[in-house]
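Subject: Structure for you to look at

Hello,

Here is the structure we spoke about. Please open it first, then read the notes below with it on screen.

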Amino acid sequence: ANRRRLDFESLRDRLLAAAGQLDQQIGGPSENITAANGGNRRTLYAQIDRQNLPNIFRTFDFASPDAHTPERPQTLVPQQALFLMNDQLVARVTQGILQNTNDENSQERIAKLYRKVLGRGPTHEELDQAEIFLAQARPAELPPDEWSFGFGEITEGQVTFAALPHFAENRWQPRTSFPDSDLGYVSVTPTGGHPGRSNAVSSIRRWTAPHAGKLVISGELRRPEQQGDGVDGMVISSRHGIVGEWTVEQGSRSTAVSIEDVVPGDHVDFVVSCRANDAYDSFEWRVTLTLENPGEREIWDAERDFHGPAAAPLELWAQFVQVLLMSNEFLYVD
């Protein structure tokens with residue numbers, strides 16, 4: 001037979017089977033494979049929402065459930081590789097494959113991982129390459145992140161900041177349920193967010209200076225809703241206090257300010273608070289920060305730099321398993 005690539009259902013089943021996690025029960029209810037734990041059932045039983053097909057299905061050419069599709073397209077796009085590099089399912093499978101392999105010496109452990117993933121032992125050349133790979137220095141720690149996302153209270157120009165702990169639907173928020181029963185709609189999104197129910201629960205996007213220089217801030221605070229009483233926006237420096245303050249009832253206002261001297265570790269907070277109440281107070285605040293030094297400048301963009309929680313670097317044995325899972329031998333039927 002000609003070599004052919006696994007379709008999505010076969011690929012996901014093979015991933016789970018390699019880790020000994022595949023539930024082979026026949027029949028029964030469907031399962032949401034995009035939930036936090038990813039599920040263990042065969043992908044044949046994946047829940048399909050015709051109105052909101054999850055992106056993972058589209059990434060791997062799943063046929064539209066709303067149309068007659070006699071044949072699936074076959075694409076090869078970067079998102080498919082990124083799934084195998086970053087998805088939580090692959091991380092869980094990787095840890096499952098590594099289980100019960102710690103007692104062997106390095107060569108025995110490599111051979112056992114080859115058998116688990118590829119169903120065969122390594123060649124002498126593959127064994128040598130694996131030992132060279134695993135002899136590398138440990139992966140570096142995550143680089144420092146200039147952006148933090150949270151909420152808090154402003155008292156006499158000083159910010160009490162607490163990080164928003166939960167990330168869902170491309171939004172930082174207080175808890176899994178949204179809005180929160182105590183804090184309301186407080187959140188931070190790529191383009192803005194929403195303040196909470198009082199000034200003690202203001203929405204805060206924090207930037208921390210990595211080095212010294214003059215900071216130039218440009219942006220626009222916008223409140224698109226016509227109802228409600230508006231929002232208050234502030235730019236607050238940890239050393240200089242409030243450096244910019246605006247009220248936006250409807251429409252938008254420019255929020256250009258500059259801070260002549262920031263030093264490493266300075267915080268600059270972009271704070272949005274409700275006024276009498278927080279009804280209809282969704283806001284947009286796109287800002288660009290330019291840190292200038294003689295002969296050089298560095299630029300941050302709040303929307304471009306927005307992100308969810310960063311995963312810690314995989315340790316080398318987990319990286320090695322991931323290399324095997326991304327090999328053509330695993331992804332193709334020969």
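**Nonpolar cores**

Leaving aside neighbours within four places in sequence, Leu325 is in contact with Leu15, Val90, Val93, Thr94, Ile97, Val117, Phe330 and Leu331. Please keep in mind that this is a predicted model.

Leu325 also belongs to the largest nonpolar core, which has 37 residues. Together with Leu15, Ile97, Phe320 and Phe330, Leu325 is among the residues that touch the most other members of this core. Two or more residues come from each of α1 (8–18), α2, α3, α4 (88–98), α5, α6 (124–134), α8 and α9 (328–331). Which element gives the most to this core? It is α8, with seven residues. Another core, of 32 residues, lies apart from this one; among its members are Val235, Ile259, Val272 and Ala302. As background, nonpolar side chains in soluble globular proteins tend to be buried together.

**Aromatic rings**

How many aromatic pairs does a search of the whole structure find? The search gives 15. One of them is Tyr114 with Phe320, a tilted pair with 6.2 Å from centre to centre and 55 degrees between the planes. Tyr114 lies in helix α5 (residues 106–118) and Phe320 in helix α8 (residues 316–325), so this pair ties together parts that are 206 residues apart in sequence. Both Tyr114 and Phe320 are buried.

A second pair is formed by Phe149 and Trp172, and this one is stacked: the centres are 6.2 Å apart and the planes make an angle of 10 degrees. Phe149 sits in strand β2 (residues 147–155) and Trp172 in strand β5 (residues 171–173), 23 residues apart, and the pair links these distant parts of the chain. Phe149 has a relative accessible area of 6%, so it counts as buried. Trp172, at 10%, is buried as well.

Ring pairs also link Phe8, Phe57, Phe60, Phe62 and Phe83 into a cluster.

Two arginines are placed over rings. The charged end of Arg14 is over the ring of Phe330, 5.7 Å from the ring centre. Arg41 lies over the face of Tyr45, with 4.1 Å to the ring centre.

**The sheet**

Six strands make an open sheet with antiparallel pairing, in the order β3-β2-β8-β14-β10-β11. At the edges are β3 (158–163) and β11 (241–248), each of which pairs on one side only. On average, neighbouring strands of this sheet are turned by 30 degrees against each other, direction ignored. Inside the sheet, β2 and strand β8 (residues 202–208) run antiparallel and are joined by six bridges.

**Two loop residues**

Is Asp61 buried or exposed? Asp61 is in the loop between α2 (55–59) and α3 (78–86), and its relative accessible area is 9%, so it is buried. Beyond its neighbours within four places in sequence, Asp61 is in contact with Arg5, Arg72, Pro73, Gln74, Thr75 and Gln80.

Glu169 belongs to the loop between β4 (166–168) and β5. Its relative accessible area is 70%, so Glu169 is exposed. Along the chain, Glu169 and Pro143 are 26 residues apart, and their C-alpha atoms are separated by 25 Å.

Regards

Terms used: Residues are numbered from 1 along each chain as its sequence is written. This is a predicted model: local features need pLDDT of at least 70, side-chain atom pairs count only at pLDDT 80 or more; totals for chains, interfaces and linings use all residues. Side-chain values use heavy atoms; hydrogens and water are left out. Rings of Phe, Tyr and Trp (its six-membered ring) pair if their centres lie within 6.5 Å; planes under 30 degrees apart count as stacked, over 60 as edge-to-face and the rest as tilted. Helices (H or I, at least four residues) and strands (E, at least two) are DSSP runs, numbered from the N terminus. Buried means under 20% relative accessible area, exposed over 50%, partly exposed in between (1.4 Å probe, protein chains only). A charge sits over a ring if NZ of Lys or CZ of Arg is within 6 Å of the ring centre and within 35 degrees of the ring normal. Contact means heavy atoms within 4.5 Å. A nonpolar core is a set of buried Ala, Val, Leu, Ile, Met, Phe, Trp, Tyr and Cys residues joined through side-chain atoms within 4.5 Å. Two strands pair if DSSP finds at least two bridges between them. Axes are lines fitted to C-alpha atoms, for helices over the stretch in contact, and angles run from 0 to 180 degrees between N-to-C directions.
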